[in-house]
Amino acid sequence: MSNTRQLHNIALIGFMGTGKSSVGRLLADQLRFSFLDTDDLIESRSGKTISAIFAEEGEPAFRKYEQEVVAELSSRKKTVISTGGGLGANATHLASLKQHALVVCLWASPDKIWERVRSQTHRPLLKESDPLAKIRKLLAERESHYKQADILLNTEVRSLKEVAQQVLHQFRLAKTLYQ
Ligand code: S3P
């Protein structure tokens, strides 16, 4: 991390099922920050669910919506931003988030991720005959990007509350060290 950073916000990146939204809400409460979920914003803007966007307009259109949202985030202050799983795997988006936020990647293994998401049906990328294989493949492709985050936190060994506490601690530390 460079010596000076604008750490107005916290951005949570990482794969589906790592707890970004739940941890983000807890953190926002604790810090009295606003909470923003990029997927929720895209859904409310387009008037469609993420699944409908993928089905009707395709993944490239969804990635375009993500790009628009990322550009707008730079004006945010005191916000905990929870990002869709693919957003933080894009080097340009990651660099943009780092301009205004401490970027924290929440991590879990493919098996753990599958255990957490298997009962859910809202993720178009996992509507596959072998979702666990898809998780392994995507995670392997994205790993090197996710690891460019300022902080990497394993969520397998911690409760959501403990993860939020860790992020809070790291954020306070980073603010004293880099601002
Ligand atoms: C995606 C993850 C999803 C959502 C979309 C694509 C991805 O968000 O943005 O289905 O590419 O990993 P969550 O990580 O919140 O599930």
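Me: Let's start with Val-103. Buried or exposed?

Reply: Buried, because its relative accessibility is 0%. Keep in mind that this is a predicted model.

Me: Which element holds Val-103?

Reply: Strand S4, which covers residues 101–107.

Me: And how far is Val-103 from Ile-151?

Reply: In space, 6.6 Å from C-alpha to C-alpha. In sequence, the two are 48 residues apart.

Me: Switching to the ligand. How many residues surround it?

Reply: There are 13. The closest are Lys-20, Asp-39, Arg-63, Arg-123 and Arg-142.

Me: How does that shell split into nonpolar, polar and charged?

Reply: The shell has 5 nonpolar residues, 3 polar ones and 5 charged ones.

Me: What is the distance between the ligand and the side chain of Asp-39?

Reply: A side-chain N or O atom of Asp-39 is 2.8 Å from an oxygen atom of the ligand.

Me: And for the side chain of Arg-142?

Reply: There the distance is 2.7 Å, again between a side-chain N or O atom and a ligand oxygen.

Me: What about Gly-85, which part of that residue lies by a ligand oxygen?

Reply: The backbone. One of the backbone N or O atoms of Gly-85 is 2.9 Å from an oxygen atom of the ligand.

Me: How much of the ligand's accessible area does the protein cover?

Reply: It covers 94% of the 390 Å² that the ligand has on its own.

Me: Which pocket does the ligand sit in?

Reply: The largest pocket.

Me: New topic, Lys-134. Where is it?

Reply: In helix H7, residues 131–146.

Me: Why does Lys-134 count as buried?

Reply: Because its relative accessibility is 16%, and the cut-off for buried is under 20%.

Me: What does the side chain of Lys-134 reach?

Reply: The backbone oxygen of Leu-125, at 3.3 Å.

Me: Where does Arg-32 sit?

Reply: In the loop between helix H1 (20–31) and strand S2 (34–37). Arg-32 counts as exposed because its relative accessibility is 75%.

Me: And Lys-78, what is its phi?

Reply: Near 45°, a positive value in a residue other than glycine. Lys-78 is in the loop between helix H4 (59–73) and strand S3 (79–82).

Me: Is Lys-78 buried or exposed?

Reply: Exposed, because its relative accessibility is 53% and the cut-off is over 50%.

Me: Last one, Gln-166. Which helix is it in?

Reply: Helix H8, residues 160–178. Gln-166 counts as partly exposed, because its relative accessibility is 26%.

Me: How far is Gln-166 from Phe-33?

Reply: They are 17 Å apart in space, C-alpha to C-alpha, and 133 residues apart in sequence.

Technical notes: Residues are numbered from 1 along each chain as its sequence is written. This is a predicted model: local features need pLDDT of at least 70, side-chain atom pairs count only at pLDDT 80 or more; totals for chains, interfaces and linings use all residues. Side-chain values use heavy atoms; hydrogens and water are left out. A residue is near a molecule or strand if one of its heavy atoms lies within 4 Å of it. A polar contact is a pair of N or O atoms within 3.5 Å; within protein, one must be able to donate a hydrogen and the other to accept it, and residues adjacent in sequence count only if both atoms are side-chain atoms. Accessible areas come from the Shrake-Rupley method with a 1.4 Å probe; for residues, only the protein chains shown count as cover. On a 1 Å grid over the protein atoms alone, a cavity is a set of points where a 1.4 Å probe fits but cannot get out, and a pocket is an open set with protein on both sides within 12 Å along at least five of seven lines; lining residues have an atom within 4 Å of a point. A molecule sits in a cavity or pocket if more than half of its atoms lie within 2 Å of its grid points. Ala, Val, Leu, Ile, Met, Phe, Trp, Tyr, Cys and Pro count as nonpolar, Asp, Glu, Lys and Arg as charged, and the others, Gly among them, as polar. Helices (H or I, at least four residues) and strands (E, at least two) are DSSP runs, numbered from the N terminus. Buried means under 20% relative accessible area, exposed over 50%, partly exposed in between (1.4 Å probe, protein chains only).
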